[in-house]
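The entries are in the order I took them.

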Amino acid sequence: MDAVTSATAMEELPWCAQCAGLAFLGFSLCVVALGAVLLLVRRWPWCSCHVCRSYLTGSWARDFTNLGDWYAHLLRESPTGTVTVHVLGCTITANPANVEHMLRTRFDNYPKGKPFAAVLGDLLGGGIFNVDGDAWRHQRKMASLELGSVAVRSYAYGIVAGEVEARLRPVLADAADNARVLDLQDVFRRFAFDTICKISFGLDPGCLELDMPMSKLAGAFDTASRLSAMRGAASSPLVWKAKRLLNVGSERELRKSIRLVDELAAAMIRQRRKLGVAGSHDLLSRFMASEAHGAGAVDDKYLRDIVVSFLLAGRDTVASALTTIFMLLSKNPAVAAAMREEDAARETTATSRTTYEHLKSLHYTHAVLYENMRLFPPVQFDSKFCAAADVLPDGTYVSASERVMYHPYAMGRMPRIWGADYEKFRPERWLTGAGGTFAPESLYRYPVFQAGLRVCLGKELAVMEMKAVSVAVVRMFDVEVVGENGAGAAAPRFAPGLTASISGGLPVRVTGASSLETACSGASRSSR
């Protein structure tokens, strides 16, 4: 009816008015098209250099398994350890001096920035990983108070130890007893999801049972994380913004996934409120209690963003690190044997449940974790945006609003940082003295947990969880990777995502651990 009325009204207009209207419409469309072209030309620095050409055509994939491996190659070849991918408007660095400059010296000049917030805003919202300024300072202060609490650390360790005993070990034992190939990456993702939900929200999704049910929240979060990362990899933001506007393709799928994440997070918050926050040790309850005490009612959107941030920080990163640890141990059985030897030598109790004090005494195992994350950091790169034009310590000029990326994955493969044997998995590089005491590196040379003012607040909890799981599994099982990532594989292929995950998972065969005497024969550290 409206269309007929509009058409009738149009016919009643004088011929000259109709022509003027059509001309104005055509002129408006031309202006919009011209604006889009000019924006594209201004924002997309057309370049025919070999780096940009390789990126746009994908020709780098002929020689490198992952984009990160290609970046590492370019950065090793660069005299400064810094390169610029002009077509992305991005400077990439593996130079520790540049990292310190960005994360400490001129911290305020290198915020996350609005472009980064736009890419991840639909998923992360106003959570701590996606904001700057006062919002970031407030959330960081709150998180620091809670994560630094002895009560929270004790509570978290009790949950991790209980999950290892009650769920992880039975799953691995069942696979060993039935000679069943297991996707270890999937097992660790489920394990980490259960533990982070218990630690952070006081709720148990029960993902890691023998029948292996999968949480809808975990699945939706995985999809949203993967598709959000694809936004950042686009050669121009206009691509994903146009798809979002039209609600097509990956953006349509992302919208559905985020809607499900929102619904399930809201249900989680309602359940937490129903159960009450008084006397609860989980992080969400403590945040809710602290915020309510300071400023009245707590906004559900704020709590939703906290829920998503906790999931990203406490689930994906831990699962990623645990997966690559056992991939490397499968290729280096002497290291697994040395871990068993250290574990047995320092154990003071007869129970299978490891104490927190025992974990802290395992310096070689600690070195294994750090060496693993040197080669396979859970977060392979991190981006900032330069607020005002600057010159990096290596002489690289960075224009205002330019993206600057430091690359922990590439930094772990730099001979100028780690020596000529940078490709080798050698935990001993982290040990010093006759007793083999763990000696950490500068966080600016090893920014796996970030550095400076943004250093990871959950670092100690994450390392504790990785250590508890590694010790428990190595103590009781031998893990052999099968398939394309087995002993002869050069490098795993990573799937797109905000955190590193192996494409196709990590299929393994689990058997009972060899006896200590057999495992340790010929595996002493002096022989390595």
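This is a predicted model: local features need pLDDT of at least 70, side-chain atom pairs count only at pLDDT 80 or more; totals for chains, interfaces and linings use all residues.

Entry 1

Entry 2. I looked up helix 10 (residues 216-233) against helix 12 (residues 249-275). Their axes come within 8 Å and cross at roughly 140 degrees. An angle over 145 would count as roughly antiparallel. Helix 10 and helix 12 are therefore oblique to each other. I recorded their crossing as left-handed.

Entry 3. I went through the residues of that contact. Helix 10 brings residues including Leu217, Phe221, Ala224, Leu227 and Arg231. On helix 12, Leu254, Ile258, Val261, Leu264 and Met268 are among them. By class, the contact of helix 10 with helix 12 splits into 11 nonpolar, 4 polar and 5 charged residues.

Entry 4. Next I took helix 14 (residues 300-331) and helix 17 (residues 363-375). They pack at about 100 degrees, axes 9 Å apart. That makes helix 14 roughly perpendicular to helix 17. From helix 14, Ala321, Thr324, Ile325, Leu328 and Leu329 meet Val368, Leu369, Asn372, Met373 and Leu375 of helix 17. I listed 8 nonpolar and 2 polar residues in the contact of helix 14 with helix 17, and no charged ones.

Entry 5. Which residues have the most contacts inside the largest nonpolar core? I found Leu168, Phe201, Leu311, Phe326 and Leu329, in a core of 144 residues. Helix 14 gives the most to this core, with 17 residues.

Entry 6. I followed up Phe201. Leaving aside neighbours within four places in sequence, Phe201 is in contact with Ile196, Met268, Arg272, Asp282, Leu284, Val307, Phe310 and Leu311.

Key
Residues are numbered from 1 along each chain as its sequence is written. Side-chain values use heavy atoms; hydrogens and water are left out. Axes are lines fitted to C-alpha atoms, for helices over the stretch in contact, and angles run from 0 to 180 degrees between N-to-C directions. Helices (H or I, at least four residues) and strands (E, at least two) are DSSP runs, numbered from the N terminus. Angles under 35 degrees count as roughly parallel, over 145 as roughly antiparallel, 65 to 115 as roughly perpendicular and the rest as oblique. A crossing is left-handed if the near helix is turned anticlockwise from the far one by less than a right angle, and right-handed if clockwise. Contact means heavy atoms within 4.5 Å. Ala, Val, Leu, Ile, Met, Phe, Trp, Tyr, Cys and Pro count as nonpolar, Asp, Glu, Lys and Arg as charged, and the others, Gly among them, as polar. A nonpolar core is a set of buried Ala, Val, Leu, Ile, Met, Phe, Trp, Tyr and Cys residues joined through side-chain atoms within 4.5 Å. Buried means under 20% relative accessible area, exposed over 50%, partly exposed in between (1.4 Å probe, protein chains only).
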